[in-house]
Amino acid sequence: MPEFICCGGLRIDFIITSDGQARLREMGGNALYAAGGARLWDDEVGILARVGENYPPGWIEQLAAQGLDVRGIRTVAGKQDLRTFFAYIDPSTRTDTDPAIHFARIGITLPEELADYIHSTPRQDDPDEYEPLAPRPEDWTAAYDGARALHLSPTNIRTHLHLPQHARAAGVGLVTVDPGERYVVPRLRAHINSVLQQADAFLPSEKEVRSLLGSMDLWDAAVDLARQGPRIVVIKLGSRGALVYERDTERRTHIPVYPARVVDTTGAGDSFCGGFMVGLARTNDAVRAAQFGAVSASFAIQAHGALHVLQATRSQAELRLRALEQLMPH
């Protein structure tokens with residue numbers, strides 16, 4: 001039985017890098033990046049996700065060969081939209097819309113698969129209906145009962161509203177949530193509060209916090225979010241690290257990034273969350289957990305592709321963890 005479950009998307013990625021390269025039809029998805037970040041610290045990691053019949057042949061088997069538990073991956077009928085497009089304007093700024101403009105910018109013909117592409121998160125903000133690839137309680141497999149922790153990557157808000165209760169009933173002890181950027185908006189605040197009430201830790205990006213709470217001081221925003229339920233709020237700041245707020249003690253800690261060479265930041269936040277989940281379950285220390293997450297993210301950004309983190313070793317991770325401790329403010 002896997003101890004740690006990463007729920008979210010498995011995708012086919014089309015990426016324009018900040019130096020103008022096109023990387024097409026690569027294995028991706030936030031559930032996979034989170035699983036990579038988690039597996040850096042523990043061998044027993046499973047994925048809960050939905051794919052269509054058009055998910056590339058052999059990819060699920062490839063994930064299993066990498067040591068991930070794939071019993072939670074459901075293939076739903078028909079051809080489904082598995083595409084994710086990102087264009088990086090610079091290493092830390094990206095867009096996920098208008099692929100024709102960005103392929104023209106680098107002088108490459110738009111891939112035929114992207115001709116009608118809008119963005120990768122359809123109906124993410126719909127609390128009343130699942131989009132076809134959004135995981136749901138009936139996708140849960142008994143093989144994951146009793147897992148130590150579940151991480152919910154960005155997906156349809158309905159998944160985040162209904163899966164935590166089901167997982168806890170199945171014996172899962174810890175739930176962490178990374179919200180979907182298109183649902184973190186003021187009009188859905190009541191639903192967001194329902195998500196917050198079910199989370200042990202909530203891990204939005206700075207951009208998502210701004211979308212919901214405007215120009216509010218980030219520490220005040222963390223307090224506001226924690227007041228609704230989660231005992232830990234982590235605001236991810238990209239290259240500036242992360243802010244960790246602990247509701248019960250009111251401790252506030254800035255976590256720096258590990259200074260790895262930046263090649264591709266795709267999936268860095270997801271990898272951070274996977275590492276954080278394992279760290280929190282193991283140590284019950286939010287700061288230590290965020291250090292685990294920062295190390296996971298440091299491996300994710302070093303190369304292209306979601307499988308890269310799975311090649312790193314535990315001993316390499318532990319070396320970086322010790323180095324990161326020295327970078328912490330005293």
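How far is the sulfur of Cys-7 from the closest cysteine sulfur, and which residue holds that closest sulfur? The closest one belongs to Cys-6, at 9.1 Å, which is too far for a bond. The model discussed here is predicted. This briefing covers its cysteines, its aromatic pairs and the charges placed over rings.

**Cysteines**

- The structure contains 0 disulfides.
- Cys-6 takes part in no disulfide, and the nearest cysteine sulfur to its own is that of Cys-7, 9.1 Å away.
- Because a disulfide requires two cysteine sulfur atoms within 2.5 Å, the 9.1 Å between the sulfurs of Cys-7 and Cys-6 is too far for a bond.
- Cys-6 has 0% relative accessibility and therefore counts as buried.
- Cys-7 likewise counts as buried, because its relative accessibility is 0%.

**Aromatic pairs**

- The count of aromatic pairs comes to 6.
- One of the pairs joins Phe-85 and Tyr-117: the ring centres lie 6.1 Å apart and the planes meet at 75°, so the arrangement is edge-to-face.
- Phe-85 and Tyr-117 are both buried.
- Together with Phe-103, Phe-85 and Tyr-117 make up one aromatic cluster.

**Charges over rings**

- Arg-158 places its charged end over the ring of Tyr-130, at 5.0 Å from the ring centre.
- The ring of Phe-299 has the charged end of Arg-320 over it, 3.9 Å from its centre.

Terms used. Residues are numbered from 1 along each chain as its sequence is written. This is a predicted model: local features need pLDDT of at least 70, side-chain atom pairs count only at pLDDT 80 or more; totals for chains, interfaces and linings use all residues. Side-chain values use heavy atoms; hydrogens and water are left out. Rings of Phe, Tyr and Trp (its six-membered ring) pair if their centres lie within 6.5 Å; planes under 30 degrees apart count as stacked, over 60 as edge-to-face and the rest as tilted. Buried means under 20% relative accessible area, exposed over 50%, partly exposed in between (1.4 Å probe, protein chains only). A charge sits over a ring if NZ of Lys or CZ of Arg is within 6 Å of the ring centre and within 35 degrees of the ring normal.
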